[in-house]
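Try each one before you read its solution.

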Amino acid sequence: MEFVELMSKFIGDKQANAAITDYLEHREINARGGLADHEIPDLKIFTERTLAGYVGAAPARIILENYLSTRGSKMEDVFDIFGSVTISHASSREQLSVLYETAQIVASGDELQVVLDNILKLLAAQFKFDLCVIRFLEEETMTLVVKSQQGMSSIHFG
């Protein structure tokens with residue numbers, strides 16, 4: 001179920017599974033063992049509210065809408081990168097701001113290269129990094145290939 005998967009990326013597996021289990025206890029299950037079609041909009045609202053408790057209302061809305069619209073595309077991998085950082089209730093405004101701005105960049109609809117470049121520009125500016133690099137694993141050669149870089153030249157990091 002994609003809503004559990006999304007919540008797991010941002011709040012962790014344990015919290016996501018517990019939230020969904022509680023939610024499903026009071027819902028109508030169809031013959032295939034899934035939620036009835038008319039229950040899906042409520043699940044979407046529940047997912048957004050659950051995320052909002054961790055990242056705030058505006059970022060949660062952006063994350064949910066854009067994650068669902070990018071399912072199956074290369075942009076889904078970008079959410080995987082940023083979803084791997086679990087955000088706690090105690091996260092600072094700065095961290096939430098970066099998450100919010102990153103979600104906006106991903107949601108921009110720009111080509112993958114432009115999105116990657118803009119994310120690195122944001123991170124370099126926000127955290128004063130000398131070098132930011134995104135590398136993808138090239139499966140044929142099993143080597144890491146630089147897809148985007150901000151800061152020093154490639155000579156500096158080999």
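**Exercise 1.** Which residues of the largest nonpolar core touch the most other members?

*Solution.* Start with the ground rules: this is a predicted model, where local features need pLDDT of at least 70, side-chain atom pairs count only at pLDDT 80 or more, and totals for chains, interfaces and linings use all residues. Residues are numbered from 1 along each chain as its sequence is written, and side-chain values use heavy atoms, with hydrogens and water left out.

Next, list buried Ala, Val, Leu, Ile, Met, Phe, Trp, Tyr and Cys residues joined through side-chain atoms within 4.5 Å, which is what a nonpolar core is; buried is under 20% relative accessible area, exposed over 50%, partly exposed in between (1.4 Å probe, protein chains only). The largest such set has 20 residues, and Leu6, Met7, Phe10, Ile11, Leu43, Leu51 and Ile63 touch the most other members.

Now trace the elements: α1 (2-11), α2 (13-24), α3 (40-55), α4 (57-70) and α6 (93-107) each give two or more residues to this core. The top giver is α1, with six. Another core, of twelve residues, lies apart from it and includes Ile105 and Val115.

**Exercise 2.** Is Leu144 buried or exposed?

*Solution.* Find Leu144 in strand β2 (residues 143-151). Its relative accessibility is 52%, so Leu144 counts as exposed.

Key:
Helix = DSSP H or I, 4+ residues; strand = E, 2+ residues; numbered from the N terminus.
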